[in-house]
Amino acid sequence: MENASAVKEFVLLGFSENQGVQKIFFVVFLFFYMIILAGNLLIVITVIRSQRLNSPMYFFLCYLSFVDICYSSVTAPKMIADFLVENKTISFVGCIAQLFGVHFFGCTEIFILTVMAYDRYVAVCRPLHYTALMTRRVCGRMVIGSWVGGFLHSIVQTLLTTQLPFCGPNKIDHYFCDVHPLLQLACTNTYTVGIIVVANSGMISLSCFITLVMSYIVILVSLKSQTSEGRYKALSTCGSHITVVILFFGPCTFIYIRPSSNLSEDKSVAVFYTVITPMLNPLIYTLRNGEVKSAMRKLWSRKVGSENGKVWSCGPVYMVSMENKSNVTEFILHGLTQDKTVAKVCFSLFLLFYAAIVLGNLLIIVTIKTSGQLNSPMYFFLSYLSFLDISYSTVTAPKLIYDLLVEKKTISFEGCVAQLFAGHFFGCAEIFLLTVMAYDRCIAICKPLHYTNIVNKHVCGWLVAASWVGGFVHSMVQTLLTIQLPFCGPNEIDHYFCDVHPLLKLACTDTYIVGVTMAANSGAISLSCFVVLVVSYAVILVSLRRRSSEGRLKALYTCTSHITVVVLFFGPCIFIYMRPSTTFAADKMVSVFYTIITPMLNPLIYTLRNGEVKNAMKKLWSRKVKQSEQ
């Protein structure tokens, strides 16, 4: 990534240079990270599965736990891995990606904590108006506002940092990439940028913290008029939130409200808001909350029976009102088959497929990240493609596998729309990424002398980011169009996951316009990207006529892998989404190709047909064997 910069990677100094201390830290922080994942996942599952935890407070708590998992995952895995290696390096692109992730999830958490304070204020100070003020639609918009606010804040921080030149020292005295350490390394005057960073990060932290303090002061004052029992319950509920706020906002304010400087205490302070607070949140909210503890006991002692009434849960669907203009609160998935014997066979088969997807694509990611030879843009994109394949198949495969063992295959309205959102998000991001990979191959073969200048790290990073943003925008359009539809009668979906066409078929209104809009959105993206891919490979084939036989063979060998993946993925997608809103019996079988078969075959296609990847894998595992023997 040139960026007017000679620095292509940074060296993270971490916590300690002492190897004995690093081994202790490895065990401690690995334990902490496992608690973060297990504890917060437990809260998310409990809130989703328990219909007793159906108030807005638990809806926000579910999102807070999810953000905690994401937030700690930006820094903790890299930090833990660095305790075991001597050379703690991170690429310029990886550093900026980590900076973006930290500020995106961190700022989102700040806004969610502020929203939770508002929720408690309304619940305590205006209890009679609570259900009218805190409807599903309002709560959904508050959560979406938190995500959008975090995204905008993070974009500002990232753009400010990427414009700086780095031409000398590359050692960061920290365990992750943050704004202040990077400003110290920039070979230019960063005073103005530092002031903007303080105005952005610091003022968000301070202003939200002041808002929180004021809201709790108002709550405490209003408790005077409550009964002793009501006062105790309100204080018990708010006490958990106040504890989390202090643990999170204190360190954040210390780090970001001051001018751009790097203190030796920063690393220790940063541990509080990146690791300690996400780890303590589940303990704080469970130990101090009888409802959550009771729900957890019931969840793990037996499956909670379905209850009447409307349920709050996690998912991107809370722009819908409590009524949702719909009588349907859950859908029944017909799955792939109704035959129990066939279902058992399919269970074993798809479980094997899903394991192959996860292991195969993880192997590619690990190989590319650890190999010094696979450093070209093609492998950079391939690692992201493998990550997308894991994410994409995970949206549908676990639910499909589980449903093959149960008789009643139900999914809540919220879970259905969440699955719809994620499926289109990762699917569309993969479509754009495959198009980007075709562009990369076109430049590499048709303009080899200009390749390193055109497809540099900076451009690669922006192309990947654009793929993610494109997938997000597409998915938001599909989701918003779907959740506005009324569902008042049939709730049986003849599919193994929630998708646009089956849901349009169940809506009790005229869906012609919505169907055309969705076809124009999904179908046009699939077809236009496929046309771009075909044209790019046509240009490549024409240009190969001027190459030597050896160069032609190597180029064809590389491109054939990509063409195979493109045909397997785009063919079924165009068949499903290019036509008007109708469902065919063959749709389920066709969908298996782009949700499971293609993600499973990608690792095989890119390794069996690529000598560089195979050699890198052999070196990686031979090195591991030697280390284990020593």
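Modeller: Two residues are in contact when heavy atoms lie within 4.5 Å of each other. In this protein, among contacts between residues at least 6 apart in sequence, 82% join residues at least 24 apart. Residues are numbered from 1 along each chain as its sequence is written, and side-chain values use heavy atoms, with hydrogens and water left out. The model is predicted: local features need pLDDT of at least 70 and side-chain atom pairs count only at pLDDT 80 or more, whereas totals for chains, interfaces and linings use all residues.

Biologist: How many helices and strands does the protein have?

Modeller: Helices (H or I, at least four residues) and strands (E, at least two) are DSSP runs, numbered from the N terminus. The protein has 20 helices and six strands.

Biologist: How should I read burial, and what percentage of the residues in the protein is buried?

Modeller: A residue is buried under 20% relative accessible area, exposed over 50%, and partly exposed in between; the probe is 1.4 Å and protein chains only are considered. Of the 630 residues in the protein, 53% are buried.

Biologist: Is His474 buried or exposed?

Modeller: His474 belongs to helix H15 (residues 457-483). His474 counts as buried because its relative accessible area is 6%. Not counting residues up to four places away in sequence, His474 touches His424, Cys428, Asn521, Ser522 and Ile525.

Biologist: Why is Ser294 called partly exposed?

Modeller: Ser294 is partly exposed because its relative accessible area is 28%. Ser294 sits in helix H10 (residues 290-301).

Biologist: Next, strand pairing. In what order do the three strands of the open sheet stand?

Modeller: Two strands pair if DSSP finds at least two bridges between them. In this open sheet the order is S2-S1-S3, and the pairing is mixed. Strand S2 (89-91) and strand S3 (171-172) are the edge strands, each pairing on one side only. Strand S1 (residues 9-12) pairs with S2 in the antiparallel sense over three bridges, and Val11 stands opposite Thr89 in S2. S1 and S3, in turn, pair in the parallel sense over two bridges; there Leu12 has Ile172 in S3 as its bridge partner.

Biologist: Which strand is joined to S4 by three bridges?

Modeller: It is strand S5 (residues 410-412), and the two run antiparallel. Ile332 has Thr410 in S5 as its bridge partner. S4 also pairs with strand S6 (residues 492-493), in the parallel sense over two bridges, and here the partner of Ile332 is Glu492. Strand S4 (residues 330-333) has a covered face, Phe331 and Leu333, and an uncovered one, Glu330 and Ile332.
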